[in-house]
Structures are given as C-alpha cells and as structure tokens.
Amino acid sequence: MWSRFTEWVSAHKVISIAAAVVVIGAGTAIFMMASAEPDVTTTTSAPTTTTTTVASTTTEAPTTTIAGALSPINGLPVDDADLLDRRLLAVKNDNHPNARPQSGIDAADAVFEYMAEGVTRFMSFWQQSESEYLGPMRSARPTDQTLLAFFNEPTLAISGGQSWVREMIANVGVHIIGEVEPATFRVSGRRAPHNLYTNTVLLREYADEQGYPDEPIDGPMWEFGPMREDGEAAAKVSFDFLGNPVEWSWDETEGVWLRTLGDDESNTVTEDGEETQIGFPVLIAMYVEQASVGDLPTSRTTGQGLVYVFADGKVVQGTWQRDDIDEWFTLADNDGAQILVPPGQVWISLVPNSSGIVIE
C-alpha cells in the first residue's frame, strides 16, 4: 500500500522532501530522513495535584477484567453491540488558536494529533460514540490517508482540501464527506474557517444516503490489556510539536491525563458554553519522521520509531513498527515483548522525532 501511495505521488509530481528520496527499481520510493532519536529526560520531581474538573463521558475507567462486547478502537465495553457493527467515522478537527476551545472531541473513541502547517490538527474516531456538536472541522492533509487505509473503507468528514489530497485519500478506499447541510453547520461567534461544526449522527445518515459502505473494522486497533505492573511511575509528560509544547498531567482522582498547551489548559466547550479541560485515560506517543508532500507537511506512519504508552500514572517505553499503511501499528517493549494498550479513550500523538520528551 505504501508503494502504491508513492507511485501515485510520483505520477502527480507532488513530493518534495527536505532530506532526500531514494528511488529503487521502478516506481518504489523510500523516504530517507534524519534518524536521530528524541532526547528523553526523566526527573524525580514530586507529582503535582490538580483540582481541574473533567467533563463527564459515557466511558468507564479501565478495569483488569472486562466482559461482553468490546470496542475495537479503545477496548472499552459497549452496551449495544450493534454499534460495533458499523463503519468507522473519522472527523478532521481544527486546532488553530482561533478554533480553541474545541467542542465534542472529549467524547470520541480515540483522537489522533499530528503536525499541520505550524500547528497540530486532530482527527477524531467515532464508532460506538456520537457527538451532536463537534468542531470546528478542518481540511484534509496527506497524513490522513495513511491512518485510515486500515479501516475497511471508513468515512472521513472534512471541511475541504486540495483536490490531489482528496484524490489520494479516496484512492485508499476512504469515503469523503465535505460541507453538507444539515450534517455540518456554521456557528456564530467565530469567524470562518474556524466556525464549521458537525453532528456525527447526521454524518452517518448522509453516508447511508450516499451508499457508502457501513462495514465494521477488521479486528482491534491494538492488543488490549491492563497496564503493566512494572511500568515506570509518571506524573507528567511533555513533548514538543515543533514549537507547540504539549503537556499531559496525571489526575489520580479522575483517572485521566489532563492536557495543556503552553501555559494554557486545553479545554472543550459545550454548546451551552461550559468549559472543561481535555482529559483522556490512555495516551500513546509515537515518534515519527516529518516530510512534505507537495506544499503540505506530513508525518510518515510506516517504518518504526520510539513509542510511549501512558496509563494509570505509569509509562511503558518501546518501539512501534508498521510495514504498510493498510496494516496497523505493532508495539513492543525494549525486550521485544508486546505492549498491551490499557482499555480507555485513547489520545495518540504523532510527535516529530526531532523533538525531545520529558517525563516526570
């Protein structure tokens, strides 16, 4: 699949990479980037206590023993198993300063964060969960198709995107929804392009009307299991998205990692104006190479790199590996043993591998 991607890019003449592209044989390209690993700093400062209120969700704290239907996205139990027998819906979410605070992403089954132009963007995953007020939405980028090719013809909702990016995404079997009423709508109080919101229930209805496939994903994203007892204690983790310093602090009372950006809390806001800090029980940070496709930044999601899995105030370090974009990531610790991902809403950060990480 990655070779098909590079062949398509070559045919459309949109690749420009800061390092180099080595061409081997006919139509196969390998990206050669700096392979330096990020600096890891561990401190022994005492954990801090926070009293920040976290938004209520329908998910439960992960437990060691879980019975019944389980989400293939985050391993949580699902009351209605029929919710798992449908398409994965992904929504591209804005993270420009004028788009903050966002709405609805705290209810997602999973969220990816990765570099765009100068700031990160989010892509929220929805299978068993829904949000009737989600946004702002934002346009497609080349990284999107590399994350969605695995998911059995999913649907992606975006605010737009260059035609060649949309074609690239469609070529891996992803079905695109743009700005369509009433599934998407503009809100007052914010200026375009940071004012486009959506309703995932109506997005699914639109996808059905268009005849898009409504098939579940093939197997779980991760191998789920409890956090390892030998995980290192971690109260706080900080990493840098090329000038965008993100910090996650463990809140023992709520059982979540709380997100800040710089000196400010990362909040979500309801339609009624109530703000709460973003908190997720499980974090996965994967260090990835950065490149450019056309004039757009992209994160390379095949190959291998450092990975950190955070849950229950602990961290396990290892390596992620992925041979092609139609496969999913495998996670192994430094001894080669598989890393299990604890059940829970999960936030996955694709951190530029030129950045360092600080774990306290």
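Predicted model: local features only at pLDDT ≥ 70, side-chain atom pairs only at ≥ 80, totals over all residues.
Of its 360 residues, 55% count as buried. Among contacts between residues at least 6 apart in sequence, 66% join residues at least 24 apart. The protein exposes about 15300 Å², and carbon and sulfur atoms supply 47% of that area.

Asp80 counts as partly exposed because its relative accessibility is 37%. On the surface, Asp80 belongs to a patch of negative charge in which Asp79, Asp82, Asp85, Glu153, Glu215 and Asp218 also gather. Leu76 is placed in the loop between β3 and β4 as well, but Leu76 counts as buried, since its relative accessibility is 4% and the cut-off for buried is under 20%.

Charge pairing comes next. Side chains of opposite charge can pair when their charged atoms come close. A search of the whole structure finds twelve salt bridges. In one of them, the side chains of Arg138 and Asp94 meet with an N to O distance of 3.5 Å. Arg138 lies in the loop between β6 (120–126) and α2 (143–148), and Asp94 in the loop between β4 and β5 (110–115), so this pair ties together parts that are 44 residues apart in sequence. Arg138 and Asp94 are both buried.

A further salt bridge joins the side chains of Glu113 and Arg259, at 2.6 Å from N to O. Because Glu113 lies in strand β5 and Arg259 in strand β14 (residues 256–261), the parts tied together by this pair are 146 residues apart in sequence. Glu113 is buried, with a relative accessible area of 0%, and Arg259 counts as buried at 2% relative accessibility.

The pair formed by Asp230 and Arg228 has its closest N and O atoms 3.2 Å apart. Here Asp230 counts as exposed, at 54% relative accessibility, while Arg228 is partly exposed, with a relative accessible area of 25%.

Technical notes. Residues numbered from 1 in each chain as written. Heavy atoms only, no water. Buried < 20%, exposed > 50% of the residue type's maximum accessible area, 1.4 Å probe, protein only. Contact = heavy atoms within 4.5 Å. Areas by Shrake-Rupley, 256 points an atom, 1.4 Å probe, with all protein chains shown as cover. Patch = residues over 30% accessible without salt bridge, like charges linked within 9 Å, V, L, I, M, F, W, Y side chains within 5 Å. Salt bridge = Lys/Arg side-chain N within 4 Å of Asp/Glu carboxyl O. Lys, Arg positive; Asp, Glu negative; His and termini not counted. Charge placed at Lys NZ, Arg CZ, Asp CG, Glu CD. Helix = DSSP H or I, 4+ residues; strand = E, 2+ residues; numbered from the N terminus.
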